Amino acid sequence: VVSAPYVPLGAPERRAALLAAAVLGGGYSARLNQEVRVKRGLSYGASGGGESHPEGGLFLAQAQTQPATAVQVWQLMRSELLRLADAPPPADELAARQATLVGGFARRLETTGGLASLVAAQLSAGRPLADLARTVDEILAVTPAQVQAYAQKAWTANTLRGVIVVDAKAAGAALNDAPAPLVRLAMGELDLESPTLRKSAG
């Protein structure tokens, strides 16, 4: 898993962040899956998505792979986040992701359950229901430069974190390529309430 900051609820750049997340992890043809599965066959699939909260958010890129390639897959996913900050997505790539998001939104409006979930999400986020009428236009208005600008702001080498869960014996020498600083924990040592672990992860 590669974790990164994501926009809080109602942030002005929330649509650009949504498109950045979609370019990376929004389906089979998105970048994470292309690099990890399609081009290299290192996993059955790599995906990513963002979750917003009132005071912040979290983006997660994730995949499962063989122990010997765990570090390689982690590095590939991390590189894709950083690459989006280096250059804007091509217009046709962004258009494909916009079409996917708009299509998904439209399908949710076609059923009472989907509509209810959209309304509930707006209310729980403290957002006006009128925002739903602007969703499609706002998604289609996002430009490649805005996607890059968001990635540059949120996804840097200093803001990305990673977790690799692996059979160390099976991974062998590949673990030597894991980036520093690195916190190594054996399964028996893992305590998610440990102050030391929280400090290291932060």
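A hairpin of two residues joins strand β2 to strand β3 in this predicted model. Strands here are DSSP runs of type E with at least two residues, helices are runs of type H or I with at least four, and both are numbered from the N terminus. β2 and β3 run antiparallel and are joined by eight bridges. Two strands count as paired if DSSP finds at least two bridges between them. Within this pair, Gly 50 stands opposite Phe 59 of β3.

Strand β3 (residues 56–63) also pairs with β1 (residues 2–6), in the antiparallel sense, over five bridges. Here Ala 4 has Phe 59 as its bridge partner. In general, strands of a sheet pair through backbone hydrogen bonds, either parallel or antiparallel.

Contact means heavy atoms within 4.5 Å.

Several residues of α2 are buried: Arg 31, Leu 32, Asn 33, Glu 35 and Val 36. Buried means under 20% relative accessible area, exposed means over 50%, and partly exposed lies in between (1.4 Å probe, protein chains only). The cover over the buried residues of α2 includes α1, β2, β3, α3 and α4.

The largest nonpolar core has 35 residues. Such a core is a set of buried Ala, Val, Leu, Ile, Met, Phe, Trp, Tyr and Cys residues joined through side-chain atoms within 4.5 Å. Tyr 6, Phe 59, Leu 81, Leu 84, Tyr 150 and Trp 155 have the most contacts inside it. Elements giving two or more residues to this core include α1 (14–25), α4 (91–109) and α7 (144–154). Leaving out residues up to four places away in sequence, Tyr 150 touches residues including Pro 5, Tyr 6, Ala 16 and Trp 155.

Ala 95 lies in helix α4. Its relative accessibility is 39%, so Ala 95 counts as partly exposed.

Residues are numbered from 1 along each chain as its sequence is written, and side-chain values use heavy atoms, without hydrogens or water. Local features need pLDDT of at least 70, side-chain atom pairs count only at pLDDT 80 or more, and totals for chains, interfaces and linings use all residues.
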